[in-house]
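Please read them with the structure open.

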Amino acid sequence: MTTHKTRMLILGSGPAGLSAAIYGARAGMEPIVVQGIQPGGQLTTTTDVENYPGFRDVIQGPWLMEEMQAQAEHVGTRMIWDQITSVDLSQRPFRLIGDGGDVYEGETLVIATGAQAKWLGLPSETHLRGKGVSACATCDGFFYRGKKVAVIGGGNTAVEEALYLTNHSPDVTLIHRRDSLRAEKILQERLFKHPNIKVLWNTAVEHFVGGGEPEGLVALDLKNTVTGEKSRLDIDGGFVAIGHAPATELFRGHLALDEDGYLIVEKGGTRTNVPGVFGCGDVADKTYRQAVTAAGTGCMAALDAERFLAEAEFEAEQASEAA
């Protein structure tokens, strides 16, 4: 068992965690990044990235994360592959235990554990993910300009994705397994009034159909949840929008979470309800969920952590002089 000590301990190695590491390292914090179960975060499962600033051509998600990690290491970040299983945030330094028994002690803690899209769980969905099947319209909608797309779900996320896709597609179908939506009324009104959106009620997706060369999504096999009738919908892109699950289970009872399990941070900042603990990226963002916004809040978390430590050290010096 090894004990790792640092002024800035970062959980998560996606754009938020690595951006925090870059800023923290350049500030002399000698950060440690615990990479977690999916090193590199969600971008490692994304192929074409066209909306990250600084690249005129389409880049690959895994390559972008490799470059971010190399940059973080170049300026002095230590990367450790481990998964945290327990936390003690009752006092500083914060104490976390890894899966193999290693101990991590951080004067500050940056949580960038992200969130995962919820999927339907169909084998065909997994097979065609990134080949016409997506869980992010704002990430991938641009690739379906003038094409026929479908959104699966019935909550706010699904309705917002369907409305967003009308910026690119003249033919958007919302597929919902029930006969009414869970989305807010104002969103429903916008959806029903839009001429380019139609809704398939009481309908479930049974299979994502691939075809073509190279293989991509060409259709959905559907089933009416009331009558059992089966049908096929020809489409070019399918967007699963049944919600996201933030990776915060580890922090229940330790940090304030909202009703959906996201970290609650101060408005316009990254501070949590525990001084010295900061949240950034998708683990605290249910609205934007973009690589560039995650990177921005990672920067903010590092700056907040640096300022927190400077203030704490100044107060300790003042107290020492007064004594």
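1. Helix H5 (residues 156-165) lies across strand S11 (148-152), S12, S13 and strand S17 (237-240), and runs at about 170 degrees to S11. Helices (H or I, at least four residues) and strands (E, at least two) are DSSP runs, numbered from the N terminus. Axes are lines fitted to C-alpha atoms, for helices over the stretch in contact, and angles run from 0 to 180 degrees between N-to-C directions. The model is predicted: local features need pLDDT of at least 70 and side-chain atom pairs count only at pLDDT 80 or more, while totals for chains, interfaces and linings use all residues. Residues are numbered from 1 along each chain as its sequence is written, and side-chain values use heavy atoms, with hydrogens and water left out.

2. How many of the ten residues of H5 are buried? Seven are, so the helix is largely enclosed by the rest of the structure. Buried means under 20% relative accessible area, exposed over 50%, and partly exposed in between (1.4 Å probe, protein chains only). The buried residues are Thr-157, Ala-158, Val-159, Glu-161, Ala-162, Leu-163 and Leu-165. Their cover includes helix H4 (137-140), S11, S12, helix H6 (185-193), S13 and S17.

3. H5 packs against H6 at an angle of about 35 degrees, with the axes 10 Å apart. Asn-156, Val-159, Glu-160, Ala-162 and Leu-163 of H5 make the contact with Leu-187, Arg-190 and Leu-191 of H6; contact means heavy atoms within 4.5 Å. By class, this contact has five nonpolar, one polar and two charged residues. Ala, Val, Leu, Ile, Met, Phe, Trp, Tyr, Cys and Pro count as nonpolar, Asp, Glu, Lys and Arg as charged, and the others, Gly among them, as polar.

4. The open sheet has five strands in the order S10-S17-S11-S12-S13, with parallel pairing. Its edge strands, S10 (133-134) and S13 (197-200), each pair on one side only. Two strands pair if DSSP finds at least two bridges between them. S12 (residues 171-175) and S13 pair in the parallel sense over four bridges, and Leu-174 stands opposite Val-199 in S13.

5. Ile-264 sits in the loop between strand S18 (244-246) and strand S19 (277-279). This residue is partly exposed, with a relative accessible area of 40%. Beyond its neighbours within four places in sequence, Ile-264 contacts Ala-256, Leu-257, Asp-258, Arg-271, Thr-272 and Asn-273. Ile-264 and Val-283 are 19 residues apart in sequence and 9.3 Å apart in space, C-alpha to C-alpha.
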